Amino acid sequence: MKIVKVISFVCFAAAIFWACEDNSPDTFGRKSYDSSKPVRINGFEPDSGGLATKVFISGSNFGSDLSRIRVWFTAYTDEGTQVNVRASVVGSSGDHMYVITPRLSHLRECTISVVSHGDSTSFADKQFLYHTTTTVTTITGRKGTDIFSGGTLAEATFHFPQQMCVDDENNIFVGHYTTIGDNNGTQGMILINVEKDIVQQVSNAMNPYQPTVGVDGTIWVVPGAGYAVQFLDPLLQWQPKNALILRPTLEQQIHGMRDFTIGWKYGLATSVFDNGFVYTHSSATGDLIKYDPATRVGQKVAEHGMGWQSRLCFDPYRPHILYLLYHVGVIYTYDLIEERFERFAGTGVFGYRDGPRLEAQFNLPRQIIVDTDGALIIADTNNHCIRRIGQDGMVSTLIGKGQQPGYQDGNPADALFQTPEGIAIGKDGTIYVSDSGNNVIRKLAVE
């Protein structure tokens, strides 16, 4: 008798939550949808969670035909746009449902809605608070190494990997440069492809600072001083080509193109807003410069910040906004429409302070990106952590322990970095970090 009861209970639970039965006449007490009655939500538990959280919804008249039931998480972006994201419905008894939260970008407080057989309802008494969790894993490299060696992800070693970018094919490009005479003197761009399990050098550019992905998939590299640039063409198996940024001719200047000079340059950024032009900044002259990748002809855009090393990043959600991250610990924006600079975050004084963005302090930050939530993510190098500036204007430490170097994978409470210099984001939202002091490439899985 006890065995029969246990088996009956298991099948009953499976029928409700895992829908182990088909949609033939209801068994085990499942209730069909009744078109003469409204669909109602009485509550749900838990009231918060992240990706793949199990949410139990109670109410009435949901029905049990999963093909006719939809559950939505609805919220509004900061711009006021309504976004609906569909959850997975695992099972329904008619009065209770079991759903799995989807991945939510730009959303935090969500209204849960149920649609059954075309009849919809929302629960207004409370909202579901979505939150993300971040974990760190090492994908390649080995702490304690002092030379570059290619091969598989498990075999590869690095020495002080630097700034990086990720293309649409999830190829990770990392600048690798060292002082001549220090280890094997390897300098150039390193290509990492996790899916193909390869790490290889594709360029020997000297001092390859922050690269950028062109609109055609070409990788543009800054080889440090002067007018030189290098590009890697995927159609040529990433064979590197050297080029010069050309100054405008007198005739072009007559037609409005402004002349410029370049000293040291430390970063590139491609503008989809400005016809695929690539932007760079001369730390010696303060000139903000853009050039046409097709003709290589450049022109001065504005002047700002002489003597400051800068890394650049366009905002994909506001593509007319260019962020300039200066190593002195301050971030500016340049508005391509209004043609003006504005201090966005940081005080310009080295330190470590979370809080309102204009009061926050950084210590020799080296690269900046915008994540899928529209937040800025910063490799705060000498604070040994990854920082975040949310759309609410608050600076927080996303992962790592400020001012505490080390090497540890794991969750935000445990993970440690040592002078992380590079940061990039893939099209799926995965964030990659070149943990320079530990000689490894790491991944931030945000879920």
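Where is the place of V215? V215 sits in the loop between β15 and β16 (219–222), where strands are DSSP runs of E with at least two residues, numbered from the N terminus. The model is a predicted one, in which local features need pLDDT of at least 70, side-chain atom pairs count only at pLDDT 80 or more, and totals for chains, interfaces and linings use all residues. Residues are numbered from 1 along each chain as its sequence is written, and side-chain values use heavy atoms, leaving out hydrogens and water.

V215 is exposed, at a relative accessible area of 60% (exposed means over 50%, buried under 20%, partly exposed in between, with a 1.4 Å probe and protein chains only). Together with V272, F273 and I337, V215 makes a nonpolar surface patch of about 420 Å². Areas come from the Shrake-Rupley method with a 1.4 Å probe.

A contrasting setting is found at V278, in strand β20 (residues 278–282). V278 counts as buried because its relative accessibility is 0%. The C-alpha atoms of V278 and P293 are 6.9 Å apart, although 15 residues separate the two along the chain.

Methods
Patch = residues over 30% accessible without salt bridge, like charges linked within 9 Å, V, L, I, M, F, W, Y side chains within 5 Å. Salt bridge = Lys/Arg side-chain N within 4 Å of Asp/Glu carboxyl O. Helix = DSSP H or I, 4+ residues; strand = E, 2+ residues; numbered from the N terminus.
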